[in-house]
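Here is a short briefing to read alongside the model.

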Amino acid sequence: MAVITCHLSFGVALTSCSDFLDILPMNEVVLENYWTEKSDVTSVMNGCYEALESNDCLTRMGVWGELRSDNMRLGANVPNEINEILKENLLPSNAMCNWSRFYEVINRCNTVCHYAPSVQAIDPNYTEEEMRANIAEATAIRALCYFYLIRTFRDVPYSTQPSIDDSQNYVIPATPFDTVLDSLITDLERVKGDAVRRYYTDESPNAYQNSCKITRAAIYSLLADLYLWKGDWDNAIRYCDLVLEQKREQYRTMVDRQGNVNNIALFGDIPMILEKPVGSIVCGNAYNEIFGEGNSFESIFELYFRTGQSQQNSWVSSYYGNNNDIIARLSAPDFLAKDVALGTNSVFKKTDGRIYESTELSNSRYGIAKYARRSVSYTTQSVNSEKDLNLSASRRSGSDANWIIYRLSDLILIKAEALIERSPDDYQQAFALINIVNKRANDVTTTSRSDTLKMADYIDSKASMEELLMAERQREFMFEGKRWFDLVRMARRDGDNARLISLASRKYIENVNAIKIKLADPNIIYFPYAKSELKVNPLLKQNPAFDTGEDSELTK
């Protein structure tokens, strides 16, 4: 992707300040000369993606969304700030509390939204349709950034105005979670129809851009997620259905053009990539296409990395592993991966390929292999021990793994969750959706293998259906930066942290009771504001769970 080079003199692209509240005003002379043609907007728009792909943003997507959950434990040579979070010893001085890079992305997006209309008015080559599409892109990326921020910190400073002159005051108080959430929904509802449907046909060598740039399906997916957090079940379902229908249409087009599509099949009425393509005797195909190659049929929006690109996915290579390190800075807890092939694991059935694809045993530790592996193959036809898998895998030598934000399974399980919460009358449909995801993972495509989930075990109670949904989300999305956010959403809905504590504490071996007591504070599920942010913005009030008194001294 194109980048915004360092000699451009506008603060939004160059800031190294503590956060967007501290960004220097733009030079008005440079601005006047810069925002004059379509290529200027394109350059800054590309810079929005570039900033979102930065190591600072990507690491925080993983840390904020996953680290405190029951999916991750200590690996090797872990940095102290990561180790302290793993121990639930999270302090405002921790570097992972710094949100500055996300606000830089937000300010770039604000700048595109601010200047694109004026450029369209003077450049005849920049059409109104292109301008509206760019604003939709920028609005969606901005909304995604704010969504990460509110799920992590709850209440955050919120502005849609760029920092462009001395008259603006960005020392502002935090806006409540629900207000920000409603604003994001309103913004996306306004621009959704302006977004590009697809940039290229599936046959084009540039088709990868359909999932590494914002499309209408990406905005629908984000809206479905936002409505899920809001508790608006009907709208969450509606937007899921729009994306699912787009995928059905895409699949029908592929069949019309190609005839048989050997690597994709209908599960119910939803097309999904087969773990074992037609004619093959080994599994791993879905992993290889979704996580190994990236930009798969099931992808909706993912961050794009390739060998030779200036920015690399160092989150995966440093924290998950590569061809040199099976155990990197993080590892998976034993309860997730131990004895699956023996059939005695409580989370995964022995035919569930997701655990074999995503973890690897080394010196009594389970390394995180999802994304770190480029390809994997195995068989689950008759599994009674690890050797029966005949597993073979290749690991990445570099840091070129794409990072997925939304894929088809997200929409299937968001819809299932919304159905469960909406009405008991919807439990059967919700179960069918959950079972679709589970069937693909267990290679249940014919009558030769029975479903591993039985509807009668769950359909009689909401608690059982919620437990099933959360378990399937954990199996499907482990290590993808979603699990802690899932637990937070559950705790917000419950009105207490009891279920969150029960699940999150499963990974701990030492100090379990002390950690459970600490997690009982309803405010503790969010991160504290960084000390540096409190210093530059005295209108921020620290999360009560982390307000020890010393932070208030910074504002005097």
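## Aromatic pairs, a cavity and a buried loop residue

The structure holds 27 aromatic pairs. Bear in mind as you read that this is a predicted model.

**A stacked pair across the sequence**

- Phe-153 and Tyr-529 make a stacked aromatic pair, with 6.4 Å from centre to centre and 20° between the planes.
- Phe-153 belongs to helix H7, while Tyr-529 sits in the loop between helix H21 (512–519) and helix H22 (531–536), so this pair ties together parts that are 376 residues apart in sequence.
- Both partners are buried: Phe-153 has a relative accessibility of 3%, and Tyr-529 has one of 6%.

**A tilted pair within one helix**

- Tyr-287 and Phe-291 form a tilted aromatic pair, at 5.4 Å centre to centre and with 35° between the planes.
- These two residues are 4 apart in helix H12, which means that about one helical turn separates Tyr-287 from Phe-291.
- Tyr-287 counts as buried because its relative accessible area is 1%, and Phe-291 is buried as well, at 6%.

**An aromatic cluster**

- Phe-153 and Tyr-529 also turn up together in one aromatic cluster.

**Cavities**

- Searching the whole structure turns up 4 cavities of 30 Å³ or more.
- The largest cavity holds about 150 Å³ of space.
- Its lining is made up of 17 residues, and those nearest the centre are Arg-151, Asp-225, Tyr-406, Gly-481 and Lys-482.
- Two or more lining residues come from each of helix H7 (128–153), helix H10 (216–230), strand E10 (403–407), helix H16 (408–422) and helix H19 (483–494).
- By type, the lining of the largest cavity has 8 nonpolar residues, 1 polar residue and 8 charged residues.

**Asn-295**

- Asn-295 lies in the loop that runs between helix H12 (285–293) and strand E4 (299–303).
- Is Asn-295 buried or exposed? With a relative accessibility of 16%, Asn-295 counts as buried, because the cut-off for buried is under 20%.
- The Asn-295 side chain reaches the backbone oxygen of Tyr-208 at a distance of 3.3 Å.
- Beyond its neighbours within four places in sequence, Asn-295 is in contact with Tyr-208, Ser-211, Cys-212, Glu-302, Tyr-304, Arg-306 and Asn-402.

Technical notes
Residues numbered from 1 in each chain as written. Predicted model: local features only at pLDDT ≥ 70, side-chain atom pairs only at ≥ 80, totals over all residues. Heavy atoms only, no water. Buried < 20%, exposed > 50% of the residue type's maximum accessible area, 1.4 Å probe, protein only. Polar contact = N/O pair within 3.5 Å; in protein donor to acceptor, adjacent residues only side chain to side chain. Contact = heavy atoms within 4.5 Å. 1 Å grid on protein atoms, 1.4 Å probe; cavity = no way out; pocket = protein on both sides within 12 Å on 5 of 7 lines; lining within 4 Å. Points joined across faces, edges and corners; volume = space filled by probe spheres on them. Nonpolar A, V, L, I, M, F, W, Y, C, P; charged D, E, K, R; others polar. Phe/Tyr/Trp six-rings, centres within 6.5 Å; stacked < 30°, edge-to-face > 60°.
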